[in-house]
Amino acid sequence: LELPPDIGDAAYFEQRGEPLPFIRLREVFREEWPAHPRPRVIVVRFGSRRAGLVVDRIYGRCQTVIKPLGPLFSEVPAVSGSTIIGNGDVGMILDIPALIRHCASIERDRIRAAVPLPT
């Protein structure tokens, strides 16, 4: 899907009459290069839930061999492995349930910090 251009800072949009929460991967992984003018949303399912992953580009589909990550990458959230993609670059393999848990935890902490505790 194409991310609606008027979405602003919202964390969801309507898709087929239902809200679709989404995660901007460039924010999660702190990407600094300029964003693509027309980002795409990849809809993923895990169990009975759906979410969107906002990406700058889709390179296509291919079969890959997934390699485990070394200890250097053990602290990278929601990345479960790597692979060599067609042009020779290294691609990271996302652990979708872990990614969504990680982002939900950050959002819960942000909301808790914004809401004053009763005294």
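Buried means under 20% relative accessible area and exposed means over 50%, with partly exposed in between (1.4 Å probe, protein chains only). That scale gets used throughout the points below.

1. Ground rules. This is a predicted model, where local features need pLDDT of at least 70 and side-chain atom pairs count only at pLDDT 80 or more, while totals for chains, interfaces and linings use all residues. Residues are numbered from 1 along each chain as its sequence is written, and side-chain values use heavy atoms, with hydrogens and water left out.

2. The sheet. Helices (H or I, at least four residues) and strands (E, at least two) are DSSP runs numbered from the N terminus, and two strands pair if DSSP finds at least two bridges between them. On that basis there is an open sheet of four strands, ordered β1-β2-β4-β3, with mixed pairing. Its edge strands are β1 (12-15) and β3 (40-46), each pairing on one side only. From one strand to the next, the twist averages 40°; axes here are lines fitted to C-alpha atoms, for helices over the stretch in contact, and angles run from 0 to 180 degrees between N-to-C directions.

3. β1 against β2. These two run antiparallel, with four bridges joining β1 to strand β2 (residues 18-24). Within the pairing, E14 stands opposite P19 of β2. Helix α2 (residues 96-114) packs on the sheet and touches β2, β3 and β4 (49-55), contact meaning heavy atoms within 4.5 Å. The direction of α2 makes about 105° with that of β3.

4. The hairpin. β5 and β6 form a hairpin with five residues between them, and G88 in the turn has a positive phi of about 95°. Strand β5 (residues 79-84) and strand β6 (residues 90-94) run antiparallel and are joined by five bridges. V79 has L94 in β6 as its bridge partner.

5. The aromatic pair. Rings of Phe, Tyr and Trp (its six-membered ring) pair if their centres lie within 6.5 Å; planes under 30 degrees apart count as stacked, over 60 as edge-to-face and the rest as tilted. Searching the whole structure turns up one aromatic pair. The ring centres of F13 and F22 are 5.8 Å apart and the planes sit at 50°, so this pair is tilted. F13 and F22 are both buried.

6. Salt bridges, E2 and R38. A salt bridge is a side-chain nitrogen of Lys or Arg within 4 Å of a carboxyl oxygen of Asp or Glu, and the whole structure has four of them. One joins the side chains of E2 and R38 (3.3 Å, N to O). It links distant parts of the chain: E2 is in the segment before β1 and R38 in the loop between α1 (25-28) and β3, 36 residues apart. E2 counts as partly exposed because its relative accessibility is 39%; R38, with a relative accessible area of 46%, is partly exposed too. E2, R38 and R40 are linked in a network of salt bridges.

7. R26 forms a salt bridge with D56, the closest N and O atoms being 2.8 Å apart. This pair also links distant parts of the chain, with R26 in helix α1 and D56 in the loop between β4 and β5, 30 residues apart. D56 has 15% relative accessibility and so counts as buried. E27 bridges to R24, with 3.9 Å between the closest N and O atoms. Here E27 is exposed at 54% relative accessibility, whereas R24 is buried, its relative accessible area being 19%.
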